[in-house]
Amino acid sequence: MKLLEDRIKKDGEVLDGDVLKINSFLNHQVDPQLMMQCGEEFKRLFADQKIDKVLTCEASGIAPGVMTAYVLGVPMVFARKKKPSTLNDAVYWADVFSYTKKVNNKICVEEKLLHKGENLLIIDDFVAQGEAVKGMVNIAKQAECNIVGVGAVVAKTFQGGSDWVKQHGLHFEALASIDSFKDGQVHFENEN
């Protein structure tokens, strides 16, 4: 998605050689118009699928997830990183390692929000090593849901997460696919 790639080039900052900071429009401040365009693009990319719900992970997955759910006309469920007191014990759990924060998180979704046989579209802000996606796939399998695909706003393809998704037979789409951060600059897969 050219608009997204342009925004990453303009506002993104490469940190520590392999971390992309895009706080100005996705990971801290949200550009709702851009996120709506991301949702519309995910709708187009997964148009051949029957989708009952969008599944994402808090916090940065919520903006693209809710916009995708909105344009699809379906609910969005987000996996929580901490179980609030308002949640009962009937939850699906998965362990997720945060690549950027270097910590393990347990994510959870209340069991009554996912139903056996539902068709889920997983949406994530970043797919680097794919840890959040692996956790959401785990939760979807516990709930006996069908995963119709995985969409990432940004995929750092050189870190293997997008390959993991494809190797597990899942339809994968990234709106911006980063091939490398050579010389501290973002290089997309489609660049010459």
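Q: What makes K81 count as touching residues such as C57 and K106?
A: Contact is defined as heavy atoms within 4.5 Å, and, not counting residues up to four places away in sequence, K81 touches C57, E58, A59, K101, N105, K106 and I107. This is a predicted model, in which local features need pLDDT of at least 70 and side-chain atom pairs count only at pLDDT 80 or more, while totals for chains, interfaces and linings use all residues. Residues are numbered from 1 along each chain as its sequence is written, and side-chain values use heavy atoms, with hydrogens and water left out.

Q: Why is K81 called partly exposed?
A: Buried means under 20% relative accessible area, exposed over 50% and partly exposed in between, for a 1.4 Å probe and protein chains only; K81 has a relative accessible area of 29%, so the residue is partly exposed. K81 is placed in the loop between β4 and β5 (91-98), strands being DSSP runs of E of at least two residues and helices runs of H or I of at least four, numbered from the N terminus.

Q: Why does N119 count as buried?
A: N119 has a relative accessibility of 14%, and therefore counts as buried. This residue lies in strand β7, and, leaving aside neighbours within four places in sequence, N119 is in contact with K50, I51, D52, K53, N146 and V148.

Q: How do you know that β7 and β8 pair?
A: Two strands pair if DSSP finds at least two bridges between them, and β7 and β8 are joined in the parallel sense over eight bridges. Within these strands, I123 stands opposite G151 in β8.

Q: Why are β4 and β10 said to stand at the edges?
A: The open sheet has six strands in the order β4-β3-β7-β8-β9-β10, with mixed pairing. Because β4 (76-79) and β10 (187-188) each have a single partner strand, one side of each is left without a neighbour in the sheet.

Q: What makes a set of residues, such as the one with L4 and I8, a nonpolar core?
A: A nonpolar core is a set of buried Ala, Val, Leu, Ile, Met, Phe, Trp, Tyr and Cys residues joined through side-chain atoms within 4.5 Å. The largest such core has 31 residues, of which L4, I8, L20, I22 and V186 touch the most other members. Its largest share, five residues, comes from α3. A second, separate core of 30 residues includes I107, V150, W164 and A174.
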